[in-house]
Amino acid sequence: MNSPITAVLLGAGRRGFHVYGNYALKEKKKLKFIAVAEPIKARREKFANLHRIPSNRCYESWEDLLSQDKLANIAFICTQDQMHTEPTLLALEKGYHVLLEKPMAQTLENCIKIVKKVEETGRILGVGHVLRYTSFFSTIYKIIQKGLLGDIVNISHRENVMWYHYAHSFIRGPWSNVEKSSPMILAKCCHDLDLLFHMTGSLPKKISSFGNLYHFKPENAPKGAPEYCLDGCPAKAKCLYYAPRIYIDIIPQIQFMEKSDNKFLKILGKLRKNHVNFLTYLSKLVPLLKELRYYKDFPIYYLYTGQKEDYSDEAKARILKKSPYGRCVYHCDNDVVDHQIVNIEFENGVTANLTMHGFSEREGRTLRIDGTKATLIGEFHISGEKIIFYDHFSGKETLIYAKKLTRESGEHGVGDFELVDDYIESLISKEKTQPLTNAQETVESHLMAFAANESRLKGIVVDMNKFRKKVYKLG
Ligand SMILES: NC(=O)c1ccc[n+]([C@@H]2O[C@H](COP(=O)([O-])OP(=O)(O)OC[C@H]3O[C@@H](n4cnc5c(N)ncnc54)[C@H](O)[C@@H]3O)[C@@H](O)[C@H]2O)c1
């Protein structure tokens, strides 16, 4: 490649700025951002500085950017879910290839509109289903492809959402209300349904699903709990979800460090928990400790929507008094499920089930694949990953893959960068014409999610052939 492929970024948030932006900074010969659209001034300017984007190529919204003639080869669409369809359709019409964050869109109609527009314009669209690209899932895929499991018969897959992550995203955050966002099975599990489709190598034939909102309802609120935790909640000492516990004291991160088998992390966890004033002092001397004292990563990052990025306890408390993230988890406008199961029979006879819930002690996926020759059991957690292979004939058990916690683990590890590599390859290579997560391939997981939602709500088994025919008329 002589010169890098050019791109515009729509939405310089966590994914746009930190994942795709970092890719371009690392792979300067492959990708160059030449314009950005982002309403938050500080983010826009910071991104522009890092990527040397001139001020006349910085826009306050995707509408402004896309009202210009085509500026680059690729549009990275990294706005929030409800802002995927319109910019994608317009970018495709303008002649951009598109890398779109997941989920493609929040309604079936819009997903189909996007697929049809891709077909009509002949542009290449990739979707941010990064899990397919992780070493963990690509190792499993290779094992399946080599036939080491024999024929796959059944897959049991779990998406264990850690309790505070569920509260942050699906009660207090943007994915809490179906009307305002989408069913949780789409928002959280389009990745997982995509993996089941990818691993079985077959279209789904029938889907059934059950699930409900079990716990996060007003009747389960502690007595006297106000709407905002910091308005004098009487249960503050005992409530798992008391907002300052999560966003100021960073208890989930401390627990994570304390449980780690890395001694250094354990000590740091204790320091943050029990000697915060001493840590404050030390952090003035050791910059790395500042990261721990004034932790900015998930979920703290989302408290800041344009205000000065002051990560002191006092500033966070001021934000929590008004922010949606400061609300009592029992007094929100959430209506998405907090647990759901999906049963799938595929065309090739394989059965699979997916369990998703928001009550996990740690974040991650676990799965078990039973084949005619062997069984595979996998754990994919932020704290580490492993795959064990059990050969039925010899009875031998082999640890075939293991990975410990890395600094990148929380961001899907190398999966993110490999997704972009694969996408760029599909644009420049003569042989490879589509990315692995192209529009047509990806939309199937979204159909599965909507079918599961329909089954759950109507109490029916969805015939996927009929469902597919019906929805393709929609877009
Ligand atoms: N692939 C994955 O694994 C993965 C993981 C997390 C999130 N996501 C998805 O990525 C997308 C972005 O998520 P995020 O966590 O980066 O969110 P974010 O809120 O950090 O980023 C979205 C950005 O869009 C900006 N924005 C708002 N209105 C805009 C407009 N009119 N024009 C341009 N920009 C505008 C916001 O200011 C914000 O900076 C979401 O769809 C989310 O579901 C995917």
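Predicted model: local features only at pLDDT ≥ 70, side-chain atom pairs only at ≥ 80, totals over all residues.

Reply: Within H2 itself, which spans residues 41–51, the buried residues are Arg43, Arg44, Phe47, Ala48 and His51. These residues lie on the same side of H2 because they cover an arc of only 130° around its axis. On the other side of the helix, Lys41 and Asn49 are exposed. As for what the buried side meets, the buried residues of H2 pack against strand E1 (5–10), helix H1 (14–26), strand E2 (31–37) and strand E3 (58–59).

Turning to the sheet, nine strands form an open sheet with mixed pairing, in the order E14-E13-E12-E11-E7-E10-E9-E8-E15. Strand E14 (397–404) and strand E15 (462–463) stand at its edges, and each has a single partner strand, so one side of each is left without a neighbour in the sheet. Further in, strand E8 (residues 204–212) and strand E9 (residues 339–346) run antiparallel and are joined by eight bridges, with Asn212 standing opposite His339 in E9. Helix H9 (residues 190–200) packs on the sheet, where it touches E7, E8, E9, strand E10 (351–360) and strand E11 (364–371), and its direction makes about 160° with that of E7. Another helix, H6 (residues 135–145), lies across strand E7 (152–162), strand E12 (374–381), strand E13 (384–391) and E14, and runs at about 170° to E12.

Definitions and conventions:
Residues numbered from 1 in each chain as written. Buried ≥ 20, exposed ≤ 12 C-beta atoms within 10 Å, placed from the backbone. Helix = DSSP H or I, 4+ residues; strand = E, 2+ residues; numbered from the N terminus. Arc of directions from axis to C-beta. Contact = placed C-beta atoms within 7 Å. Pairing = 2+ DSSP bridges. Axes fitted to C-alpha atoms, helices over the stretch in contact; angles between N-to-C directions.
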